[in-house]
Amino acid sequence: FRVDADRVSDLQAGLEKIGLKYEVLIDNLQTLIENQFDRKTSRSLDYSYESYHNWDQIESWTAAIADENPNLISRVEIGRSYEERPIYLLRVGNRTGSLKPAIFLDCGIHAREWISPAFCQWFVKEAVRNFGTRSTLDTLVNELDFLVVPVINVDGYTYSWTKDRLWRKTRSRNPGSACVGTDPNRNFN
């Protein structure tokens, strides 16, 4: 379990008093959390795919990766969030001039699950890296289009970075309710 830094000494003393053995697994959780974040630029060549990124960084990355790979990736704004943030779709696939079957990947539906947008970014990076290599992924991007939405719940994702790390829902208002947000994959008619 996690203990606030100002309570560690009291907890350790209490555990020792009752003879309970314990082991500290992480001395400073805040440092570990801070090391998850990328401090580099948003150009796709400098982009860390092993760190989590906030919405502004991801938005810049979608523009950069599409600009740097125009024969493979196009970026389209498919709508706006409740708080008027753009929602982008990356169409990943070799431009053949004909309509191809498509696979839709929506990431970032639950705001606090940061691994989901990270996966979508990793997938796009791998499609770029493997393009023209005669690999399985290269074959797929030649025969299919991948429609990738890196963050579909942009308001909730932004809120999880700025206000509440564990926020899951959207940030929409619900008429007749004081509750903010809706779970975006559980509210369909």
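R91 is partly exposed in this predicted model, its relative accessible area being 30%. Its side chain meets that of D145 in a salt bridge, with an N to O distance of 2.7 Å. R91 belongs to strand β2 and D145 to strand β4 (residues 145-149), so the pair ties together parts that are 54 residues apart in sequence. D145 has a relative accessibility of 3% and therefore counts as buried, since the limit is under 20%.

The structure holds 10 salt bridges. Another of them brings together the side chains of D155 and R85, again described by an N to O distance of 2.7 Å. Because D155 lies in helix α6 (residues 154-162) and R85 in the loop between β1 (73-80) and β2 (86-92), this pair ties together parts that are 70 residues apart in sequence. D155 counts as buried at 4% relative accessibility, whereas R85, at 23%, counts as partly exposed.

A salt bridge also joins the side chains of E126 and K125, at 2.6 Å from N to O. Here E126 counts as buried at 14% relative accessibility, and K125 counts as buried at 18%. Elsewhere, salt bridges link E113, R168, D183 and R186 in a network.

The cysteines provide a further kind of link. The count comes to 1 disulfide, which joins C107 to C120 with an S to S distance of 2.0 Å. The torsion about this S-S bond is about 70°, so the disulfide is right-handed. C107 lies in the loop between β3 (102-106) and α4 (115-130), and C120 in helix α4, so the pair ties together parts that are 13 residues apart in sequence. Both C107 and C120 are buried. C179, by contrast, is partly exposed, with a relative accessible area of 49%.

Terms used
Residues numbered from 1 in each chain as written. Predicted model: local features only at pLDDT ≥ 70, side-chain atom pairs only at ≥ 80, totals over all residues. Heavy atoms only, no water. Disulfide = S-S within 2.5 Å. Helix = DSSP H or I, 4+ residues; strand = E, 2+ residues; numbered from the N terminus. Buried < 20%, exposed > 50% of the residue type's maximum accessible area, 1.4 Å probe, protein only. Salt bridge = Lys/Arg side-chain N within 4 Å of Asp/Glu carboxyl O.
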